[in-house]
Amino acid sequence: MTTAVVAGAGIAGLAAALALAEAGTDVTIYERAPALRAAGAGLQLAPNATRVLARMGLLDRLRDTAVRIDRLRIRLGRNGTELAGLPFGAEAEARFGMPFLVIHRADLQAVLLDGARAHPAISIETGLAVAGFASEGHRVRVSLRPTDGAGAPRTVVADALVGADGIGSAIRAALAGAGADDRLYCGRTAWRALVPADAASPDARAPNSNLWLGRNAHLVHYPVRGGALVNIVAIVGDGWRGEPARDIWAVPGDPAKIAKAYGRWNTEARTLIAAAPEWRVWPLFDRPPLARWSAGPVTLAGDAAHPMLPFLAQGAGQALEDGWALGEAMRQQPGNIEAAFAAYEASRRDKAGRVQRASRRQGVVYHLGRPASMVRDLAIRSMGTRGMLARYDWLYGG
């Protein structure tokens, strides 16, 4: 049986492992964290993401925790005026063939993890980071480093290596041939919080995704955990300087700072922000596109291949698409890892790159000040429901 090592047990790594295992590959996942724990906040699963989950047979397992979205409401931060209300319920589902869902990241990861643990061709080891690799003919020798600093380094040999080890990927650095870290701070920081539903307004609890636009800031919120919590993401332009944290979910934020950043916004938005019991801060980094994702029996997936800013809410969706495409390529090229990885990269690189570029542009559009924001607002109003939905055919369609 073909063997593969997957570096990282995040969404990309678990999706890749499941798809590869279904294609007849024996997979071992190595995760640097000492234990797999629930972490994160909310994320959006557009139809391209839910389509992959349905193909994997996992979509029904999200029914109890995910929330099906009825509308996307685009509003102005200064006064709450609604610029557009896109039907993300039955009408959009009919157009794209799959539903829009919002979910807590931990709930999605739990479903993927349960699937991986139940699969006889997948094993998971924690506390081990992939530190390097060397191709040996048609195989790859993988160096593993215990992250607790106590154990001895290990080496394993496999037919394939998939780097799904995030934006700071060591495998990406080796493939790119550059030791320097090319992560770029985009000038914005995401503040994340979860508000108990009973502390939020009925409007905030409704099954909608809400996008508020303001000068140098925007706000997104929607219900998760079956409606028990409201997820908030407040993104502000700032002068943050420093190193990206290894654990982005563990960096606390000062509530006074976020309250000040949104101090002139509409009362409804400020009230929801004030209801957050605590905040986590996540400086947003990007990386330049790679000339290639693959080299022989080694390839990349998820943020290791194409880290993207969250302004199209596609990080999880593109990671899931990567996993499915890897499995399809392996099915179509059985026993030929290099050809399969080349086909996988060819099938994914253009779309993932387009999403990266579109996400960067969207961040600029969201944060416009006057008079440019007035042109943006007029364009949104004039586009209409069908026009707005049609703009996403390339992204959400099958």
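**Hairpin, strands 9 and 10.** I began with the hairpin that strand 9 and strand 10 form, which has 2 residues between the strands. The model is a predicted one, and I read every entry here with that in mind. In the turn, I noted that G137 has a positive phi of about 65°. Strand 9 covers residues 128-136 and strand 10 covers residues 139-146. I found them paired in the antiparallel sense, over 8 bridges.

Next I traced an open sheet of 5 strands, in the order 8-2-1-12-19, with parallel pairing. I put strand 8 and strand 19 down as the edge strands, since each pairs on one side only. From one strand to the next, the twist averages 20°. I then checked strand 8 against strand 2, residues 25-31, and found parallel pairing over 5 bridges. In that pair, I29 stands opposite I124 of strand 8.

**Helix 4.** I took helix 4 as residues 105-118, 14 residues in length. From first C-alpha to last I get a reach of 20 Å, close to the 20 Å expected at 1.5 Å a residue. Which residues of helix 4 are buried? I listed A106, D107, L108, V111, L112, L113, G115 and A116. Residues three or four places apart on an α-helix point the same way, because there are 3.6 residues a turn. I then looked for what covers the buried residues of helix 4, and the cover includes helix 1 (11-22), helix 2 (47-55) and helix 9 (315-332). Among the strands in that cover I noted strand 3 (42-45), strand 7 (101-104) and strand 8 (122-126).

Strand 5, residues 71-76, pairs with strand 6 in the antiparallel sense over 5 bridges. For R71, I found P87 in strand 6 as the bridge partner.

**Helix 10, continued.** I counted 30 residues in helix 10 and a reach of 42 Å between its first and last C-alpha, close to the 44 Å expected at 1.5 Å a residue. Where does helix 10 bend? I placed the bend at R348, by about 35°.

**S294.** I located S294 in the loop between strand 18 (279-286) and strand 19 (298-300). Is S294 buried or exposed? I logged S294 as buried, because its relative accessibility is 12% and the cut-off for buried is under 20%. Leaving aside neighbours within four places in sequence, I found S294 in contact with T299, F341 and E345. With T299 there is a polar contact of 2.6 Å between the side chains. I also checked A176, which is 118 residues from S294 in sequence; the C-alpha to C-alpha distance is 9.7 Å.

Technical notes. Residues are numbered from 1 along each chain as its sequence is written. This is a predicted model: local features need pLDDT of at least 70, side-chain atom pairs count only at pLDDT 80 or more; totals for chains, interfaces and linings use all residues. Side-chain values use heavy atoms; hydrogens and water are left out. Two strands pair if DSSP finds at least two bridges between them. Helices (H or I, at least four residues) and strands (E, at least two) are DSSP runs, numbered from the N terminus. Buried means under 20% relative accessible area, exposed over 50%, partly exposed in between (1.4 Å probe, protein chains only). Contact means heavy atoms within 4.5 Å. A polar contact is a pair of N or O atoms within 3.5 Å; within protein, one must be able to donate a hydrogen and the other to accept it, and residues adjacent in sequence count only if both atoms are side-chain atoms. The expected span of a helix is 1.5 Å times one less than its number of residues. Axes are lines fitted to C-alpha atoms, for helices over the stretch in contact, and angles run from 0 to 180 degrees between N-to-C directions. The bend at a residue is the angle between axes fitted to the seven residues ending there and the seven starting there.
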